[in-house]
Amino acid sequence: MIILSLLGISILVALILAFVGDWKYAPEVNISGSLLTFAVSLVLAFQVYGEGGSVAGSTYFFVDYLNISLVVLTTLVSTTTAIFSRRYMRLEREHGRVGHWRMRFYHAMFQLFIFAMLIALLTNNFGVLWISMELATLATVLLVSLYRTPNSIEAAWKYFILCGVGIAQALFGTVLLYFAAERVLGAGGDALLWTNLSRVSAQLDPTVLRLAFVFLMVGYGTKAGLVPLHNWLPDAHSEGPTPISAVLSGLLLNIALYALIRCKALVDGSLGPGFAGNIMMGFGLISLLTAAFSMLRQKDIKRLFAYSSIEHMGIATFAFGLGGPLATFGGVLHMLVHSLAKSATFFSVGHAAQMHGTQEMAKIRGLIKGNPAVGWGLFLGVMALAGMPPFGIFTSEFLILTATMKEAPWLAPPLLLGLTVAFAALFFKVQPMVAGGKAPGQQALTAANIPVFLHLALVLAPGVYLPVFLADWFHLAVEILR
Amino acid sequence: MVVSPLNLAVFSVLLPLTLACMAPLAHRWRTIQISLSFSLLALASLVAVIAGALTVGEGTVATAILSLGLPGLPFHLRLDPLAGFFLVVIGLMGLCASIYSLGYMQGYGKQHSLTRMVVFYALFLAGMFLVALADDAYFFLVAWELMAASSYFLVMYEDDLAANRAAAFLYLLIAHVGAIAILLAFGVIAGQSGQEGFAGYTFAAMRGSHLSSGWAAAAFFLAFFGFAAKAGVIPLHVWLPEAHPVAPSNVSALMSGVMLKTSIYGICRFAFDFIKIFPWWWGVIVLAFGLVSAVMGVLYALMQHDLKRLLAYHSVENIGIILIGLGLAMIFTSFHLPALAALALIAALYHTLNHAMFKGLLFMGAGAVLHATHERNMEEMGGLIHRMPWTAALFLIGCVSISALPPFNGFVSEWLTFQAFLLSPALPQPLLQLLIPLGAALLALTGALAAACFVKVYGVTFLGQWRGHQRPTQIHEVNWPMRLGMLLAALSCFCLGVMPTLVISWLDTIPAQLCGTHVAESASQFGWMWLTPISENRASYSAPLVLLGILAVVAVTWLLLHGRQSQIRRLPIWDCGFAKLTPRMQYTATSFAMPIRRVLGFLFAVREQITLIYPLNHPANPERIQYRLRVRDRFWNWLYQPQSVAAYWVGRQFGKLQHGQIRVYLLYSFLTLLVLLVFLG
Amino acid sequence: MTLHPFAMEFLQVGLVVGLAPGFAGWIKVLKCRLQGRAAPGIIQPYRDIRRLFSKDVVLAENASWIFRFTPYLVFGVTVMIGGIIPLISVELPLASTADVIALVMLFGIIRFFTALAGMDIGTAFGGMGSSREMTISSLAEPAMLMAVFAVSLASNSTSLTQMVSVMTQTDFSIRPSLAFALAAFILIALAETGRIPVDNPATHLELTMIHEAMLLEYSGRHLALIEWAGMMKLVLFFGLGIAAFCPWGISPSGDPGRLALAFVLLAAKLLLGGAIMVLIETCLAKMRIFRLPDYLGSAFLLATLGMIAFFILE
Amino acid sequence: MAHPLAAQLNSLLAALILLSAFALLTQRKKMAIVHTFAWQGLFLAISTAVIGFASGEHHLYISSLLTLAMKVILLPYILYSLIIKLKIHREIDAVVNIPSTMLIGLVLVVFSYHLTAPIRELSSLMTRSTLAVALATVMLGMLMMVTRRHAVTQILGFLEMENGLFFAATSATYGMPMVVELGVALDLLIAAFIFGIFFFHINTNFDSLDVDQMAKLREMD
């Protein structure tokens with residue numbers, strides 16, 4: 001019931017905004033809608049916590065500790081992003097980069113995107129999961145090309161084609177999964193239900209699952225931006241409007257990873273932890289290293305952080321691949337804190353770019369002097385992303401590293417190499433933008449600070465203090481994956 | 001709640017933390033912000049000193065577990081003699097530096113945000129206290145990085161200069177690499193301890209863990225690398241001469257005097273507390289690094305003419321000396337000679353404390369000079385002793401102490417280190433018997449060069465005549481808080497130098513904790529006036545008597561000579577009948593160091609060029625001679641250049657993959673699919 | 001009856017302070033004889049010192065308190081050292097205030113402040129002198145320490161009284177390590193006391209000066225104190241050598257007879273040692289300053305050989 | 001109950017689908033490609049219907065109708081009209097070296113046969129042998145996207161993959177659950193509109209639909 005209302009609200013808001021999206025108070029509508037979903041998701045979360053375990057909405061929807069935490073995260077980030085985009089898009093409009101019609105389109109698509117992601121998280125059915133992933137892609141493709149500049153068109157086209165192809169492979173994997181499941185559970189829709197599959201995962205046929213997982217890995221891996229399937233990601237992030245970049249990196253990647261780890265849980269059931277784990281560890285490490293070294297030579301600020309998203313997705317994938325309670329816990333935590341920190345950083349980045357009228361890092365200087373909130377927001381966000389304690393990302397990386405030292409010590413050096421290079425790149429690029437004297441022609445603006453610092457506070461929390469109920473919450477979430 | 005040392009220590013951590021949160025509120029009223037916050041920080045440091053002193057004195061161990069931290073791994077606190085000792089070191093310097101800052105920060109104009117300084121200074125202090133107090137790997141790393149990050153912001157305080165930003169970045173990068181190495185070291189120990197989950201990550205578990213020799217070596221040397229990166233051990237020292245000069249002087253006093261010491265603390269923890277049993281060659285490696293750092297550090301220092309840069313290189317040198325002591329202690333421990341190990345350890349710790357004091361004093365003095373002259377280049381100074389007598393006198397004490405001249409404190413610890421060296425014949429290893437004394441010779445060289453270097457510093461900066469362009473009359477003595485801060489440091493230098501026996505009997509609980517023996521009763525068996533490390537027949541030194549004797553003779557002669565009437569005539573300098581002498585004709589810092597540069601030039605990347613500038617009308621005799629000298633650190637080109645080049649090369653190669661053409665991207669994903677299918681499907 | 005240790009202490013200090021100029025005179029006389037010049041006579045240094053004391057002091061305008069304080073300090077430290085090195089008896093109350101290493105460092109104080117005083121006026125010569133002095137001393141330091149180490153191996157101690165009593169009580173034996181160490185010590189002592197071939201105390205040629213260059217600006221009582229301290233320093237280095245290498249005769253107790261004997265022997269050793277030094281100074285020429293590393297390097301080599309010889313041969 | 005006739009019919013249609021896939025891979029003219037694609041859709045629809053009839057899975061009729069509507073009528077019509085409207089039917093579309101492309105295609109067919117062999121062992125369905133063809137179609141579609149530089153042909157390759165997937169679903173498991181079928185169809189519809197929009201934008205921004213022109217966003221310098 002609650003689940004349906006949750007989905008209902010977001011689609012309803014999407015429809016409303018499709019009509020009044022260019023109205024003066026459309027942003028407020030957008031915010032309140034997201035806020036409402038957030039509230040509902042909290043209620044849902046408490047229900048789950050109360051009933052201790054999973055709440056089956058209907059045959060098609062279900063909630064457990066894992067996906068509810070992501071649902072809450074999604075609704076929260078969507079709310080903050082809505083708040084941010086209110087200020088941001090108004091400025092864009094004043095700069096004349098978007099018109100009425102596109103504002104309407106933007107707002108509607110934003111909510112539709114949230115809706116798609118919520119379905120993806122809440123659905124019980126792997127087929128529906130696939131469909132909603134595709135839907136989420138399609139909803140954002142046109143947002144990426146919102147500015148209609150050649151670059152944005154190019155980026156959106158690449159995004160559309162590459163993700164389309166990738167997701168098609170995921171569909172083939174799903175077909176194979178269904179094939180394997182059907183022979184255990186019998187034909188019919190129930191054979192794709194996670195709740196059933198996880199029950200019988202041990203009996204699923206290994207050869208088919210092996211094939212299926214390869215396809216699913218490539219498919220959802222493309223969405224998660226794993227190297228070498230990542231090429232759409234930097235373009236899409238750098239060319240779209242910043243709020244969209246924030247939710248793309250903050251949420252969509254997480255959803256893809258979520259799909260991936262669900263599949264892994266199934267495959268492990270029949271193949272044992274080794275197979276899927278090794279593939280994921282491989283992808284994770286490659287992504288981490290490639291992204292880290294690519295960050296060294298970025299010129300565009302949003303591309304820089306796009307690569308850092310690839311890097312962090314790599315870390316999380318590696319963690320899930322490594323398996324084991326510690327690493328998986330680290331992985332889940334990493335997904336959460338990364339999406340918070342990354343979206344916060346993108347907020348500051350967006351304002352920084354607006355202040356200088358460019359995304360070229362060489363032209364962005366003296367943010368702290370120009371606008372302390374933006375400057376410090378960016379600086380702290382980068383410290384969080386670089387894995388400086390006491391921010392939560394350090395915590396998750398600490399967990400992952402310690403697990404690595406225990407399970408596979410020989411993998412620690414490349415992991416650390418990647419982390420170090422990424423650290424160096426981030427600070428090397430960001431420090432000159434933040435510190436020092438103002439750039440010529442920097443104009444002042446009133447930034448939306450609440451989202452940034454709210455996120456940063458939330459990122460800071462787990463590094464210093466993780467409330468007990470949250471802790472066992474995550475532990476239970478981890479249990480689901482094993 | 002009952003006042004125990006641990007509570008005091010926790011208080012001294014909480015005060016700065018709360019201050020860091022509160023300070024921004026007061027950003028309107030600068031003077032209030034300065035006076036209030038820095039006096040509170042001084043108070044916190046004082047409390048820390050008391051807590052540490054009590055702990056070391058009584059040898060108590062107190063632990064506590066906070067409700068913060070990771071689910072499986074709450075923050076553990078532990079205050080044992082070793083930690084207590086470092087609390088004292090940090091606190092003492094923190095006290096002096098905070099009092100000094102009361103005056104020093106007045107000198108900053110509006111363009112630098114005072115709040116930033118206060119906040120990060122407080123965080124820095126708190127971080128250092130926490131490093132000493134932390135008792136589990138996670139908390140230790142949090143504290144460690146808190147310390148690193150806040151000091152990074154402090155180094156970048158005057159961020160409008162690109163050079164400062166570059167220095168700060170270099171510092172942060174190397175510090176972070178070190179932190180990662182330390183994290184790995186913890187990971188190795190905990191991973192091998194066989195404990196589930198987080199259980200292995202408390203220091204208690206690490207004390208109990210028994211590692212195979214290979215893993216133990218891995219853990220120790222990872223940790224050693226990490227801590228060496230922080231301590232600026234050569235060749236990981238490049239950040240130090242960049243970062244310390246550009247930081248505000250009160251901060252560089254803390255960084256150079258205290259922050260480096262936290263890594264000494266870490267090495268002690270790993271070697272003597274966690275691993276305990278190790279082969280002798282570990283000690284030899286530590287000793288070797290110590291010797292190289294000591295000699296190279298002082299040599300590079302001699303070549304500098306930027307006052308603070310020079311002092312920074314001296315920190316490298318002194319860290320080297322401390323490591324020498326530690327290395328000897330490790331060697332003796334590995335051969336089960338606890339008494340000797342205890343002596344070497346005491347020497348190292350004593351020097352840690354001493355160096356904190358005199359290096360802090362010197363940096364504060366340099367800050368005072370900078371504050372008065374706005375000049376860091378010694379070649380532009382001179383004769384300051386007439387303008388700023390207080391600073392001059394106090395700085396002289398610092399110079400004498402760091403040059404290891406009795407009866408000041410630098411001498412005591414270096415003398416103890418020498419004694420430890422002279423004990424090497426007791427080793428059952430003939431090779432070591434022959435080699436270790438050579439190390440002693442290197443240490444002697446270091447000491448003498450340091451003396452030379454500080455004759456240069458003091459002579460060029462404070463003595464002679466003003467070389468600068470601006471009128472020296474504008475230069476004035478610094479304000480009282482700054483003098484007070486320096487005075488405190490100078491006093492402690494003096495006391496530490498004059499009553500070594502008391503200090504050692506106070507320190508005695510630490511070797512008891514780490515080596516299982518005492519030195520105090522043998523050290524002061526002969527009364528508190530005589531310091532006899534092993535036995536009275538072995539070697540003895542009595543600082544009070546030396547002091548009194550010299551003072552007595554000086555007083556007597558002075559009285560005798562001033563009994564008779566004889567006036568003093570002041571005349572201009574005898575110019576040997578040449579034309580008028582100008583201040584530019586004085587010996588400069590560069591020329592002072594020239595003989596040593598000639599003798600040991602092969603150690604530096606020296607580039608000297610002389611150009612004669614001829615007037616147009618008659619090219620026979622040059623009108624001006626230009627002399628350019630560039631002395632650079634070889635290690636930069638040897639170690640660091642290649643790395644960054646390699647990183648960018650790799651980056652470029654990865655960049656080539658991202659080709660821009662969508663069909664290529666499609667090909668990638670297609671190939672990925674095929675490869676996976678071929679090998680796994 | 002035996003003398004009280006404190007009495008002996010004062011006696012020895014008195015000897016050092018009183019006889020140092022005489023010793024300097026003796027060396028001057030010998031030198032002049034060897035070089036066929038007319039000698040001023042042994043008590044000439046006493047006259048010089050008295051004359052200087054009676055003169056007024058002329059200070060440069062910008063001389064600071066360091067410049068005026070240094071002579072007193074130098075004198076004080078030298079006298080202090082005179083009270084520590086056992087010359088006639090080992091039963092000195094002050095003997096245990098400093099072992100050899102501490103003694104070296106005490107000499108270090110003298111050097112440090114002299115060098116500072118040299119820089120204080122701000123003439124080129126002063127700076128040059130200080131620079132060279134500090135360079136030489138820093139190169140000499142390792143050799144000095146190795147020599148000390150080689151010697152201390154025999155008696156297993158660095159305290160002079162212990163060395164003396166060990167050597168005098170154990171029956172005489174030829175020790176190659178001591179021979180090497182002695183050779184090294186002589187080289188170092190020449191360098192430290194500023195004698196030919198390292199430095200020429202008699203010259204005032206600007207460019208060859210080392211030690212003298214630092215004292216150029218001194219006059220009157222200040223100069224007197226410094227000169228006097230210099231003479232004492234020479235005696236003390238001899239005393240150090242004697243205590244470390246041929247201590248025979250230094251009395252273990254305060255018995256006046258032994259003391260008298262010790263005094264006679266000391267005088268003999270000093271005269272002999274002075275003669276040897278004069279020979280060296282007359283036969284050798286002063287070195288260029290950048291040849292010094294080789295010179296001190298060989299000293300270091302000898303000392304190290306002494307150390308190795310101890311471990312291998314003894 | 002497996003009709004031998006139905007089975008043979010199905011294999012025949014599978015063969016035709018494979019053939020049309022190769023045809024798509026090697027055609028030069030846009031119109032021809034669109035027509036071929038429509039044909040492929042038709043074969044797909046028929047085979048679905050046949051399977052539905054043979055296996056008695058009646059929801060397959062619906063999906064076959066869906067296929068007919070989407071892949072035979074709607075999508076080809078959209079593409080057709082776009083090509084007319086944008087006047088791009090003249091634009092040449094360089095195919096890199098047809099023989100080698102076909103060779104690679106053949107290799108892919110063999111490979112997919114090899115991959116699906118174990119599954120064929122497991123499956124008891126009459127359509128099990130056609131799974132290889134389905135996978136081959138997917139891969140050929142992808143190969144087409146790699147080799148063609150024109151936006152329209154890329155889209156066609158994409159849609160061909162979609163066909164392959166659909167065929168795989170029917171042949172491996174007599175079709176996915178209805179929800180999924182519908183959802184996929186919906187996504188396809190949206191996708192169609194989106195690439196429709198994109199053709200306009202690309203054409204206006206780059207005045208041609210040659211995707212190789214769109215290489216401004218890149219890392220190499």
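## Chain C

Chain C has 11 helices and one strand, where helices (H or I, at least four residues) and strands (E, at least two) are DSSP runs numbered from the N terminus. The order of these elements from the N terminus is α-α-β-α-α-α-α-α-α-α-α-α. The model is predicted: local features need pLDDT of at least 70, side-chain atom pairs count only at pLDDT 80 or more, and totals for chains, interfaces and linings use all residues. Residues are numbered from 1 along each chain as its sequence is written, while chains are lettered from A and ligands numbered from 1 in the order in which they are written.

The C-alpha atoms of chain C fill a box of roughly 60 × 45 × 40 Å along the principal axes.

Of the 314 residues in chain C, 62% count as buried. A residue is buried if 20 or more other C-beta atoms lie within 10 Å of its own, exposed if 12 or fewer, and partly exposed in between, with C-beta atoms placed from the backbone. Among the contacts in chain C with a separation of 6 or more, 80% are between residues 24 or more positions apart. Two residues are in contact if their C-beta atoms, placed from the backbone, lie within 7 Å.

## Chain B

Chain B contains 25 helices and five strands. Its C-alpha trace spans about 100 × 75 × 65 Å along the principal axes. For 681 residues, a compact globule would have a radius of gyration near 26 Å, and the 27 Å of chain B agrees with this. Buried residues make up 62% of chain B. Residues 24 or more positions apart account for 78% of the contacts in chain B with a separation of 6 or more.

The domain assignment, which is automatic or from a database, divides chain B into domain 1 (279-561) and domain 2 (638-680).

## Contacts between chains

Four pairs of chains are in contact, and chains B and C share the most contacts. This contact takes 68 residues from chain B and 65 residues from chain C. On the side of chain B that touches chain C, the elements that each supply at least two residues are helix 14 (384-387), helix 16 (409-422), helix 17 (430-461), helix 22 (543-563), strand 3 (568-571) and helix 23 (589-599). Helix 17 of chain B gives the most to this side, with 16 residues. By class, this side of chain B has 45 nonpolar, 18 polar and five charged residues. Here Ala, Val, Leu, Ile, Met, Phe, Trp, Tyr, Cys and Pro count as nonpolar, Asp, Glu, Lys and Arg as charged, and the others, Gly among them, as polar.

Strand pairing also links the two chains. Strand 3 of chain B pairs with strand 1 (residues 57-60) of chain C in the parallel sense over four bridges; two strands pair if DSSP finds at least two bridges between them. Within this pairing, Ile568(B) has Val57(C) as its bridge partner.

The contact of chains D and B takes 14 residues from chain D and 13 residues from chain B. Helix 5 (residues 131-147) of chain D gives the most to the side of chain D that touches chain B, with three residues. That side of chain D has nine nonpolar, no polar and five charged residues.

Chain C has no contact with chain A, and the closest C-alpha atoms of these two chains lie 41 Å apart. Chains C and D do not touch either, with their nearest C-alpha atoms 55 Å apart.

## Local backbone features

Most residues other than glycine have a negative phi, and most peptide bonds are trans. The table lists exceptions in this model.

| Site | Feature | Value | Location |
|---|---|---|---|
| Val227(A) to Pro228(A) | cis peptide bond | omega about 0 degrees | Pro228(A): loop between helix 8 (206-224) and helix 9 (232-239) of chain A |
| Ile196(C) to Pro197(C) | cis peptide bond | omega near 5 degrees | Pro197(C): loop between helix 7 (176-192) and helix 8 (211-215) of chain C |
| Arg148(A) | positive phi | about 65 degrees | loop between helix 5 (126-144) and helix 6 (150-185) of chain A |
| Lys276(B) | positive phi | about 65 degrees | loop between helix 10 (249-275) and helix 11 (280-303) of chain B |

Arg148(A) counts as partly exposed because it has 14 C-beta neighbours inside 10 Å. Lys276(B) is also partly exposed, with 13 other C-beta atoms within 10 Å.

Technical notes:
The radius of gyration is taken over C-alpha atoms; the globule rule is 2.2 Å times the number of residues to the power 0.38.
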